[in-house]
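Me: I would like to understand how the terms used for a structure follow from its atoms. Could you take me through them?

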Amino acid sequence: MIIAVSGKGGVGKTMLAALLVRTFSEDTSNLLAIDADPDSNLPEAVGVKVEKTIGDVREEILESRSRSPGSTLHDVLEGHVMDTIEETDRFDLLEMGRPEGAGCYCAVNHVLRAIIDRWAKDYDIVIIDTEAGLEHLSRRTTQDVDVMIVVTDSSKRGIETAKRIKVLASELDISFKELYVVVNRAADDMAEGIKKTLEEAGLKVLGTIPEDRNVLEFDYEGRPLTELPEDSPALQEVRRIKERLSAATGT
Ligand SMILES: Nc1ncnc2c1ncn2[C@@H]1O[C@H](COP(=O)(O)OP(=O)(O)OP(=O)(O)O)[C@@H](O)[C@H]1O
Ligand SMILES: [Mg+2]
């Protein structure tokens, strides 16, 4: 199952992705977390240090023109992709890094995408933290995901982004098996109203994560969110979200 977390800037995508990594990796160690945000911080949020990104691999390949005779671009890239995967005892992590530049990197990107798609299939669960906004849809980074989770705060713009993802996905002919919204940091007395607005727009609300002082403190101190104490309200709600996801998708 491939799950992507999206939404407008600063709404809590990385927080949710990190806590999904924590909760799902308790059931399986065959989990891949992908940081698809060039301005990334998922590695810190899950307590992993990344040596090399897919963007670095792309640059290296484009710079070194030498290639041993007989090896294809695919062979060369596959070895390099393998080098970028950070392994921990609970999950693996892949950082995409800088996106392609304006030049024609098409062949390299095409092959890279094919390799990553192929590799992703060997994991039980893949969790992707996307960059803010909707660009990932038009760039097709998220076209093969099973479950798209759009995070929103209580702002009108956040809620509009959630609604637009549904419209844009259908315009681009991208169909997720499931599309859900998670409301983050809404005041208790506003959560119900926001939920109603989203449901009236035909969106399914998977959960409502409260403001959590521990999240603020951990991020302030630069500690991984995957180490939040069990009684943290955000973690507790993400546990419920995980249960609902598992029930809905049969995993
Ligand atoms: N439920 C919460 N309670 C308290 N603080 C939160 C909560 N969710 C997120 N935050 C804080 O809000 C900030 C933004 O969260 P986060 O980095 O997860 O958002 P994002 O959507 O990934 O942002 P970006 O678009 O920059 O990638 C962080 O400083 C985080 O600590
Ligand atoms: Mg983020």
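This is a predicted model: local features need pLDDT of at least 70, side-chain atom pairs count only at pLDDT 80 or more; totals for chains, interfaces and linings use all residues.

**Ligand contacts and a helix pair**

Me: What makes Lys-13 a polar contact of ligand 1?
Reply: An N or O atom in the side chain of Lys-13 is 2.7 Å from an oxygen atom of ligand 1. A polar contact is a pair of N or O atoms within 3.5 Å, so this pair counts. Backbone atoms take part too: Val-11 has an N or O atom 3.1 Å from a ligand 1 oxygen, and a polar backbone atom of Gly-12 is 3.0 Å from one. The protein covers 82% of the 630 Å² of accessible area (Shrake-Rupley method, 1.4 Å probe) that ligand 1 has on its own.

Residues are numbered from 1 along each chain as its sequence is written, chains are lettered from A and ligands numbered from 1 in the order written, and side-chain values use heavy atoms, leaving out hydrogens and water.

Me: How do you know which residues surround ligand 1?
Reply: A residue is near a molecule if one of its heavy atoms lies within 4 Å of it. Around ligand 1 there are 18 such residues, and the closest are Gly-10, Lys-13, Thr-14, Asp-212 and Asp-219.

Me: Why are two numbers given for the packing of α3 and α4?
Reply: Two packed helices are described by the angle between their axes and the distance between the axes. For α3 (residues 54-63) and α4 (residues 73-84), these are about 145° (on a scale from 0 to 180 degrees between N-to-C directions) and 10 Å.

Note on methods. A polar contact is a pair of N or O atoms within 3.5 Å; within protein, one must be able to donate a hydrogen and the other to accept it, and residues adjacent in sequence count only if both atoms are side-chain atoms. Helices (H or I, at least four residues) and strands (E, at least two) are DSSP runs, numbered from the N terminus.
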